[in-house]
Amino acid sequence: MERKIVLSLFYMGIVTAIVGILITTVSYYSFFRKEVRENLAHECHLVAQCYDRGDPITELDRFTGEDFRITLIEKDGTVVFESAADPQDMSNHLDRPEIKSAIENGTGTDTRFSDTIGTEDYYYALRLDDGNILRVSIQADSIFSLFERSLVIILIIIIGIIIVSLIASMKMTDKLVSPLKQIPDLLKTNKSVSDTDIYPEIIPLVVEIRNVRNAQSEMRQEFTANVSHELKTPLTSIAGYAEVIENGMAKGEDCIKFAGKIRSESARMLTLISDIIRLSELDSVESDTLSDDIDLIEIAEECREQLIHTAEQRGIHITLSGEAERIQGNRTEIHELIYNLVDNAIKYNRDNGNIEIKASGKTLAVVDTGIGIPQESIPRIFERFYRADKSRSRAKGGTGLGLSIVRHIAEHHGAEISVDSTENVGTAISVIFK
């Protein structure tokens with residue numbers, strides 16, 4: 001970050017300097033041209049005053065040693081006097097812009113650029129009382145010529161600006177970043193922000209990061225404790241049954257019974273571990289892409305077919321109805337979401353109950369006739385390992401992670417979840433996709 005700030009300030013300084021030089025040069029050149037025109041007009045009027053004193057040619061010839069050229073043109077455009085050349089060798093000047101303007105308006109100006117020698121010729125023409133045109137001109141450097149002559153100085157200035165910009169940008173960056181460098185120490189030590197010189201605008205961010213870190217720490221501790229507790233229960237059972245068999249206390253059918261208990265508890269542990277791993281995958285930064293074109297009805301039917309045998313063992317009837325719009329998402333995750341909702345509806349349903357999977361537009365709802373959820377527990381049912389009725393949930397084989405997985409998948413797809421439940425009546429969980 002520091003390198004980017006240094007470079008940004010450095011480039012800003014260079015660009016500002018170059019723009020400043022260009023603006024200054026152009027402004028100076030504009031002022032220079034204005035001064036040349038004003039001086040030329042002054043000289044022309046001064047020469048015109050001498051022109052009226054005696055013989056015009058003689059009077060004009062007195063100015064031939066000056067830096068500017070003097071030309072006298074008759075009404076028809078014939079050059080009768082030229083201080084820098086033989087007038088007989090010169091063409092008719094009636095087509096010159098400054099001459100035309102002087103004949104029509106009394107005065108005329110023009111500037112013509114010479115590509116050959118890199119100069120500009122400034123002309124000022126004045127109509128005299130006798131109708132002739134007096135023109136005074138001067139040759140001056142063009143803006144390109146000025147640049148060429150000043151190139152060495154400009155390069156020296158630019159190099160100086162580069163050096164100064166680099167040093168200044170490094171010092172400014174260090175000053176800007178210094179308060180930010182204190183943030184890691186603040187987060188590690190929980191030092192009061194009032195004892196530092198960090199920017200006031202950063203203080204809310206530091207406080208928020210601290211709160212988030214504390215919350216995450218508490219969540220990790222709670223998660224670790226829950227995982228330990230959830231694993232300890234089946235492990236204790238497995239160890240107990242294994243010890244009974246090992247000591248020969250179980251005979252015949254008891255051995256078969258205890259082996260079944262061990263298998264059941266092992267399966268519960270594997271399910272729990274699988275859910276924990278899946279949650280860890282969903283928490284990872286690299287989420288799966290949402291590029292699949294998904295038919296919610298099709299996936300819901302797949303889940304119904306997969307779980308219908310489990311439901312029929314308890315006499316639970318699963319129906320699927322409605323029409324759904326196609327959505328963009330991850331097919332595997334959507335399948336997992338619907339499967340968990342239906343599986344949850346089976347676990348917490350009554351024997352011979354019903355489950356309806358309803359689709360409408362981009363909304364999918366799973367409605368059951370189960371035990372329902374207490375109103376005070378509804379806001380927490382998507383928390384990890386939360387169970388409204390812990391003993392009943394474990395008896396049903398639930399890990400307490402199914403709805404957490406549903407929430408993660410919904411959030412990944414930008415979907416909203418709605419829960420409507422009444423104790424001893426049933427629960428309806430709807431997922432509304434965008």
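Two strands pair if DSSP finds at least two bridges between them. Helices (H or I, at least four residues) and strands (E, at least two) are DSSP runs, numbered from the N terminus. The model is predicted: local features need pLDDT of at least 70, side-chain atom pairs count only at pLDDT 80 or more, and totals for chains, interfaces and linings use all residues. Residues are numbered from 1 along each chain as its sequence is written, and side-chain values use heavy atoms, without hydrogens and water.

**Exercise 1.** State in which sense strand 1 and strand 2 pair, and over how many bridges.

Solution.
- Strand 2 covers residues 79-82, and its pairing with strand 1 is antiparallel, over 3 bridges.
- Threonine 71 has glutamate 82 in strand 2 as its bridge partner.
- The hairpin has 5 residues between the strands, and glycine 77 there takes a positive phi near 95 degrees.

**Exercise 2.** Decide whether strand 1 is largely enclosed by the rest of the structure, using its buried residues.

Solution.
- Buried means under 20% relative accessible area, exposed over 50%, and partly exposed in between (1.4 Å probe, protein chains only).
- In strand 1 (residues 69-73), 4 of the 5 residues are buried, so the strand is largely enclosed by the rest of the structure.

**Exercise 3.** Find how many residues of helix 11 are buried, and name some of them.

Solution.
- Helix 11 (residues 402-412) has 8 of its 11 residues buried, so the helix is largely enclosed by the rest of the structure.
- Among the buried residues are Gly402, Leu403 and His408.
- Just after helix 11, glycine 414 has a positive phi of about 70 degrees.
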